[in-house]
Amino acid sequence: MKLIRAGEAGRERPGVLLADGIGVDASEFGQDWDEAFFGGGGMDRLAEWTRREGVRAPRLPAGARLGPPICRPSKIICIGLNFVDHARETGAEIPKEPVIFFKSTTALSGPDDDVWIPRGGAKVDWEVELAIVIGRRAKYVAAERALEHVAGLCLHNDYSERSFQLERGGQWVKGKSCDTFAPLGPFVATLDELGDFRKLGMWLKVNGAVKQRSSTANMIFDVPALVSYLSQFMTLLPGDVISTGTPAGVGLGFQPPQFLKAGDVVELGIDGLGSSRQRIVAEP
Ligand code: ZN
């Protein structure tokens, strides 16, 4: 199953992407894709609803804006330095345990929405990442059982303002949380929709030039390991997002560094999880 949300920002309707790529308006299902939905067995009920009603349910208008494919979650947790080549390009050590940081949930935006260069920012950078959406409350979960707590996976661009992140003191969260810095989607796919999620190709281009090309196979800590690890330190709630880290090829890693400016276009994708496209603009 593939979950989407479409419509103007803040007023998106929940939807389902059918096998033929057609988006169905699931408003009649009666729930949006939020904590109560995921935590209340919503995925099973939605699969049943889609089988029964998918064919006759109203279609989403072609070309409708896509919002983030889930409602605002309780938290967005990010994993730092989870690819060896990326750790090297930033001059960091290879982590022995996952490096974790938070991203404000107000950073969430639609997959093709504009990204704003924040006031005082001049070092906006890209990071293609695989994001996990939690399906069941997780606390002290063993890696062997971690996938039972995963609703699905989706594409994420973990934008950063490097000057806020690295030059202004304190924690990375400062440079990760600006409005529009978490374009999520186009859709959340359940694991059965994907091939082996441990081997998904991932890529990112800026103005048509490839900057990042890798595979989820190169992650140091994989999806089950990360869900299990995080659940030792905090309760993961249904709908929570875990962004699993980026491979080499971020702007910071180039000599000299390359940062985004107004007018640039960033495109990215992960096998089976679709693609997204953001135009960079000054914050309106
Ligand atoms: Zn990241």
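Q: What makes the charged end of Lys211 count as sitting over the ring of Phe254?
A: The charged end of Lys211 lies 5.1 Å from the centre of the Phe254 ring, and a charge sits over a ring if NZ of Lys or CZ of Arg is within 6 Å of the ring centre and within 35 degrees of the ring normal. The charged end of Lys205 likewise sits over the ring of Trp203, 5.5 Å from its centre.

This is a predicted model, in which local features need pLDDT of at least 70 and side-chain atom pairs count only at pLDDT 80 or more, while totals for chains, interfaces and linings use all residues. Residues are numbered from 1 along each chain as its sequence is written, and side-chain values use heavy atoms, with hydrogens and water left out.

Q: Are Glu127 and Glu129 buried or exposed?
A: Glu127 has a relative accessible area of 4% and Glu129 one of 1%, and since buried means under 20%, exposed over 50% and partly exposed in between (1.4 Å probe, protein chains only), both are buried.

Q: Why is the contact between Lys176 and Asp158 called a salt bridge?
A: The N to O distance between the two side chains is 3.1 Å, and a salt bridge is a side-chain nitrogen of Lys or Arg within 4 Å of a carboxyl oxygen of Asp or Glu, so the pair meets the rule. Lys176 lies in the loop between α4 (162–166) and β12 (182–183) and Asp158 in the loop between β10 (150–157) and β11 (160–161), so the pair ties together parts that are 18 residues apart in sequence; helices (H or I, at least four residues) and strands (E, at least two) are DSSP runs, numbered from the N terminus. Lys176 is buried at 1%, and Asp158 is buried at 0%.

Q: What separates Arg51 and Glu48 in helix α2?
A: Arg51 and Glu48 are three residues apart in helix α2 (residues 42–53), which means a separation of about one helical turn. Their side chains meet in a salt bridge at 3.1 Å, N to O. Arg51 is exposed at 62%, whereas Glu48 is partly exposed at 35%. Both belong to a network of salt bridges that also links Glu28, Arg52, Glu53 and Arg56, and the structure holds 21 salt bridges.

Q: Why is the aromatic pair of Phe29 and Trp49 given its class?
A: Rings of Phe, Tyr and Trp (its six-membered ring) pair if their centres lie within 6.5 Å, with planes under 30 degrees apart counted as stacked, over 60 as edge-to-face and the rest as tilted. One of eight aromatic pairs, Phe29 and Trp49 are 6.1 Å centre to centre with 75 degrees between the planes, and the pair is therefore edge-to-face. Phe29 lies in the loop between β3 (23–25) and α1 (35–39) and Trp49 in helix α2, so the pair ties together parts that are 20 residues apart in sequence. Phe29 is buried at 15%, and Trp49 is buried at 6%.
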